[in-house]
Amino acid sequence: MNFQIAMFLGQDGVTNGAIYALLALSILLVFTVTRVLFIPQGEFVAFGALTMAAIQAGQATAVVWLLAGMAVVEATLDILHRFRSQGRFSIDILGFLKLAYPFALALVLYQLPLATLPMAIQAVLTFALIVPLGPLFYRLFYQPVANAPVLVLLIVSIAVHVAMVGIGLLIFGPSGAKTLPFTDASFPLGPITLNSQTLWVIAASLALIIALYQFFERTIYGKALRATAINRAGARLMGISPIFAGKASFFLAAFIGTLSGILIAPITTIYYDSGFLISLKGFIGSIIGGLVSYPVAALGALLVGMIEAFSAFWASTYKEVIVFTLIIPFLLWRSLTVRHVEEEE
């Protein structure tokens with residue numbers, strides 16, 4: 001290996017590590033607020049990338065009907081809950097707007113010339129389709145069991161992940177897809193050339209890391225969200241809605257996952273099941289951060305990206321084995337240094 005090869009591998013490692021850092025942040029965000037290890041986080045990456053590719057191909061993706069179906073189920077559950085508590089069937093204005101949103105979005109998608117739209121508008125439509133799935137996931141799958149032990153929440157996450165992989169295959173098919181890069185510019189840096197898409201990935205990761213750290217460490221709202229994970233009953237008594245906190249954290253996680261998918265879609269081919277492996281590497285970064293520290297989780301994810309890149313050069317056959325083995329010493333270290341507290345029933 002010479003210096004030029006090392007620079008190329010370093011560039012790939014930083015790019016991959018930046019994406020893993022985004023996913024580590026979203027996994028950490030959801031866990032600190034809801035105690036949920038959000039395994040389906042990777043599906044937002046895959047769905048975001050494939051939806052963006054479908055829009056650029058001029059296709060009105062069927063994700064909008066998945067969104068509509070989940071909105072109908074949510075509205076039905078809300079109406080039934082109101083009937084049990086008030087003795088009558090009714091729907092408020094907010095509920096009606098949430099129910100009408102996916103159908104209005106479907107009308108827009110089937111009327112617009114999607115392939116000829118500016119890329120910024122295509123990205124906005126992708127966010128409009130995928131991000132609302134986050135709060136719907138929480139409402140339908142996690143809110144009914146919000147007070148359950150962490151193990152139960154983990155089992156629910158696994159079930160949702162398996163279901164979403166199957167739905168992804170049904171919607172997008174087995175073929176992979178790539179999207180157009182944001183810009184075609186490139187910048188020479190010594191013996192290598194930096195792609196502008198790489199700079200977009202790094203810039204977005206740094207911006208979100210700083211923003212999330214400031215939000216959760218410096219603002220009263222961020223501390224309020226974290227309080228719901230520590231003591232849901234106490235947070236409720238202090239006027240903090242655990243339901244709103246859960247939906248907000250899932251909304252942010254869906255936004256970060258969709259953004260990650262849009263960022264990496266021009267760099268690599270994404271398949272319907274690609275998200276799980278990507279999010280699993282982000283999970284390793286969040287484990288390195290102890291599921292509590294945003295900066296350390298980001299650094300851990302960057303370390304995972306660098307090890308993956310150099311492992312691909314030295315031992316490509318065992319690249320994934322090396323990356324996932326990395327989690328073992330950190331788990332052992334935390335097991336020996338962290339005082340264990342049994343979860344209260």
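Predicted model: local features only at pLDDT ≥ 70, side-chain atom pairs only at ≥ 80, totals over all residues.

**Chat about the model**

User: OK. What about secondary structure, how many helices and strands are there?
Analyst: The protein has 15 helices and two strands.

User: And why call it as compact as a globular protein of that length?
Analyst: The globule rule gives 20 Å for 345 residues, and the radius of gyration here is 21 Å, which is close to that, so the protein is as compact as a globular protein of that length. If you want extents, the C-alpha trace spans about 75 × 60 × 35 Å along its principal axes.

User: What percentage of the residues is buried?
Analyst: Buried residues account for 47% of the 345. On contacts, take the ones between residues at least 6 apart in sequence: 78% of those join residues at least 24 apart.

User: Switching to charges. How many positive and negative side chains?
Analyst: There are 17 positive and 14 negative ones, with the centres of the two sets 8 Å apart.

User: Now domains. Which residues go where in the assignment?
Analyst: Domain 1 takes 3-58 + 134-337, while domain 2 takes 60-112.

User: Let's zoom in on His161. Where is it, and is it buried or exposed?
Analyst: His161 sits in helix α7, which covers residues 150-172. Its relative accessibility is 11%, under the 20% cut-off, so His161 counts as buried.

User: What is His161 in contact with, leaving aside neighbours within four places in sequence?
Analyst: Its partners are Ile39, Pro40, Glu43 and Phe276.

User: Last one, Ala297. Which helix, and is it buried or exposed?
Analyst: Ala297 belongs to helix α13, residues 294-314. With 0% relative accessibility, Ala297 counts as buried.

User: How far is Ala297 from Ile27, in sequence and in space?
Analyst: Ala297 and Ile27 are 270 residues apart in sequence, yet their C-alpha atoms are 10.0 Å apart in space.

How values were computed:
Residues numbered from 1 in each chain as written. Heavy atoms only, no water. Helix = DSSP H or I, 4+ residues; strand = E, 2+ residues; numbered from the N terminus. Rg over C-alpha atoms; globule rule 2.2 N^0.38 Å. Buried < 20%, exposed > 50% of the residue type's maximum accessible area, 1.4 Å probe, protein only. Contact = heavy atoms within 4.5 Å. Lys, Arg positive; Asp, Glu negative; His and termini not counted. Charge placed at Lys NZ, Arg CZ, Asp CG, Glu CD. Domains from an automatic or database assignment.
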